[in-house]
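Me: I'm new to this one and would like to learn how to read it. Can we go through some features together?

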Amino acid sequence: MGTNVRRRELLVTSAGAGAVSLAGCAGFSSDGPEERAEGDQRAVVSQHHLATEAGLETLEDGGTAADAAVSVACALSVVEPWFSSALGGGTWALYYDAEADEVTSLDGVGPAGLEATPEDYEERADEAGIHQAVVPGAWDGWMLWLAEYGNLDLGDVLEPAITLAREGYPVSPEMAGWLADEADLIADRPAAADIYRDDGNLLEEGDTVTQDAMADTFDSLADAYADGDDRSDGIRAARDYFYRGPIAEAIVDHSDEHGGYLTLEEFREFEAEIVEPLSVAYDEDLEVYQNPPNSQGITQLLALNVLKEFDFDDLEPGDADAVHLQAEAIKLAFADRYHHVGDPDRVEVPIEDLLEEEYAADQRDRIDPDEAMEWPIDTGLEETDADHTTTFHVVDDEGNAAAVTTSLGAQFLVIGDTGIHVNNRMRMLALEDDDPNRLTPGYAVRHTSNPYMALRDGDPYVLGGVTGVDTQPQGQTQQFLNVAEFGLGAQTAVDRPRFVSTAFPSTDYPYEADDTLQIETEFPESVREDLEDRGHDLEEGAGMFGTGNAIVLEDDDLQVGAEPRHSTAEGAVSRASHDGSS
């Protein structure tokens with residue numbers, strides 16, 4: 001794999017602090033202009049340079065953005081198993097199909113177990129374990145993407161992840177921190193301890209991690225695919241092997257043994273879907289796309305719909321006026337999320353009403369430029385009845401583009417000898433009777449994953465995401481405005497300090513509203529004082545500010561922005577030669 005990387009003509013690499021560059025050029029700016037012939041460049045950005053490398057390798061081998069996205073997702077399952085898993089987690093994603101000239105949304109989120117009840121779950125809602133797991137939907141979603149948009153064999157797509165899992169990789173500073181935080185859970189779980197402990201000692205930064213069991217599971221899925229009569233039949237076989245075969249059986253057996261709610265029935269019935277995305281026109285030539293409920297993606301669109309009529313021309317992104325306007329629009333958007341958004345198969349989500357221009361104007365009028373709102377904040381509509389994440393993005397040389405946010409939950413719960421790290425998404429289901437996100441057996445959680453994609457004049461412009469539960473729509477709103485309103489390049493837009501409102505009930509149990517504005521310390525003291533004068537209760541430097549990545553396509557300039565707060569994050573742009581090689 002390293003040999004292939006060294007052969008590439010790498011135009012630019014954008015790396016997080018301390019990251020290892022693919023071509024030894026970490027630190028080069030990705031915001032400067034580069035000549036770009038149409039169709040000759042590819043880009044990948046993710047939270048780990050080894051996953052970025054996996055995506056670039058897949059693109060180099062002739063894969064589409066969908067093929068590369070699956071390679072990145074599976075590689076991240078190996079090197080960042082606390083953030084996401086292509087095997088045990090859930091995924092929302094957006095795809096721009098250049099040939100069809102359309103954006104679609106991938107719903108790869110499974111339901112809560114049929115045996116789950118609010119009464120039983122409430123007694124142990126604050127305890128980690130398999131009872132917090134929903135059906136892992138990501139794998140079926142990735143197979144659906146390969147069937148619809150891919151062209152490589154599954155074994156080729158999985159090869160980088162399998163190699164990483166078998167040969168191993170070094171423990172990053174972030175991984176070392178998560179292992180230390182979850183040390184007691186790991187020690188109590190033999191399958192996890194076999195991976196993350198050596199002679200009884202927790203692995204430390206720089207130690208080598210191998211994931212042989214996960215590699216075996218990926219191999220078994222590739223073998224199932226290879227037994228198919230053709231590519232379509234092979235993908236169906238790989239889906240069935242997971243959801244109607246040995247993998248589902250292993251997860252359900254573990255659930256039965258340890259008090260979980262999962263049954264074989266919901267695995268057999270589950271299928272991911274490609275669905276229509278939501279979008280709003282931010283201006284006459286700029287359309288922003290998000291994932292529909294049960295994703296919380298509409299939250300970002302609600303905020304942008306309010307913000308788009310404000311004049312930011314004389315403001316800088318860190319000005320108090322800019323921060324205040326965004327924070328207040330975000331509060332209104334989250335109030336609507338709280339009051340209305342859940343699984344649309346269970347509750348009516350008034351999407352059209354929420355995204356109407358007239359409603360956005362009414363919401364805009366509720367913002368006082370001099371005073372911060374506090375919870376409780378009412379919705380502007382009548383009510384209806386009712387960082388455990390990673391984000392990455394890919395552009396291929398045919399113009400296809402993928403924006404992905406996929407999630408797991410950092411509990412290091414490994415299923416037997418499968419190597420699969422399983423999710424804990426049920427901790428994000430509400431327990432109150434009238435909550436649209438109430439735990440209901442067989443229905444989906446309001447999923448926090450929600451990457452965004454912006455098209456300008458019908459072509460991909462910004463692919464972005466920021467992780468961190470309730471931080472996601474907030475950080476993404478800021479990231480997008482940094483590009484679209486303040487004219488920043490991809491890396492500078494990701495670098496900018498962030499702020500996070502908590503003026504709404506948290507997604508996580510016990511669902512409290514803290515009514516604070518968490519703000520990174522890089523904001524000037526004068527800005528912080530101004531915000532406090534408007535009534536914002538600031539928490540300086542304390543909060544979940546998330547990790548963000550972005551790709552920006554500016555005419556002849558393809559830019560990547562990788563999270564500087566994460567030591568392994570990296571993005572890269574590579575050029576395909578005219579004979580089709582790299």
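Predicted model: local features only at pLDDT ≥ 70, side-chain atom pairs only at ≥ 80, totals over all residues.

Me: How many salt bridges does a search of the whole structure find?

Reply: The search turns up 20. One of them pairs aspartate 397 with arginine 42, with N to O at 3.2 Å.

Me: Are aspartate 397 and arginine 42 buried or exposed?

Reply: The cut-off for buried is under 20% relative accessible area. Aspartate 397 has 19%, so it counts as buried. Arginine 42 has a relative accessible area of 3%, so that residue is buried too.

Me: Which residue does glutamate 563 form a salt bridge with, at 2.5 Å between the closest N and O atoms?

Reply: That's arginine 498. This pair links distant parts of the chain, 65 residues apart. Glutamate 563 sits in the loop between strands E22 and E23, while arginine 498 is in the loop between helix H19 and strand E18. Glutamate 563 is buried, at 0% relative accessibility, and arginine 498 is buried at 5%.

Glutamate 563 also forms a salt bridge with arginine 565, where the closest N and O atoms are 2.6 Å apart. Arginine 565 is partly exposed, with a relative accessible area of 28%.

Me: What about a buried charge that has no salt bridge, like arginine 189? Where is arginine 189 found?

Reply: Look in the loop between helix H8 (183–187) and helix H9 (190–196). The nearest side chain of opposite charge belongs to glutamate 182, and it is 6.5 Å away. A salt bridge needs the atoms within 4 Å. Leaving aside neighbours within four places in sequence, arginine 189 is in contact with Ala128, Gly129, Gln411, Phe412 and Leu413.

Me: Now helices. What describes two packed helices?

Reply: You use the angle between their axes and the distance between the axes. Take H11 (residues 231–243) and H12 (residues 246–257): the angle is about 20° and the axes are 3 Å apart. Angles under 35 degrees count as roughly parallel, and H11 and H12 are therefore roughly parallel to each other.

Me: Which residues in H11 and H12 meet?

Reply: From H11 you have Tyr241, Phe242 and Tyr243, which meet Pro246, Ile247, Ala248 and Ile251 in H12. The residues of this contact divide into 7 nonpolar, no polar and no charged.

Definitions and conventions
Residues numbered from 1 in each chain as written. Heavy atoms only, no water. Axes fitted to C-alpha atoms, helices over the stretch in contact; angles between N-to-C directions. Helix = DSSP H or I, 4+ residues; strand = E, 2+ residues; numbered from the N terminus. Parallel < 35°, antiparallel > 145°, perpendicular 65-115°, else oblique. Contact = heavy atoms within 4.5 Å. Nonpolar A, V, L, I, M, F, W, Y, C, P; charged D, E, K, R; others polar. Buried < 20%, exposed > 50% of the residue type's maximum accessible area, 1.4 Å probe, protein only. Lys, Arg positive; Asp, Glu negative; His and termini not counted.
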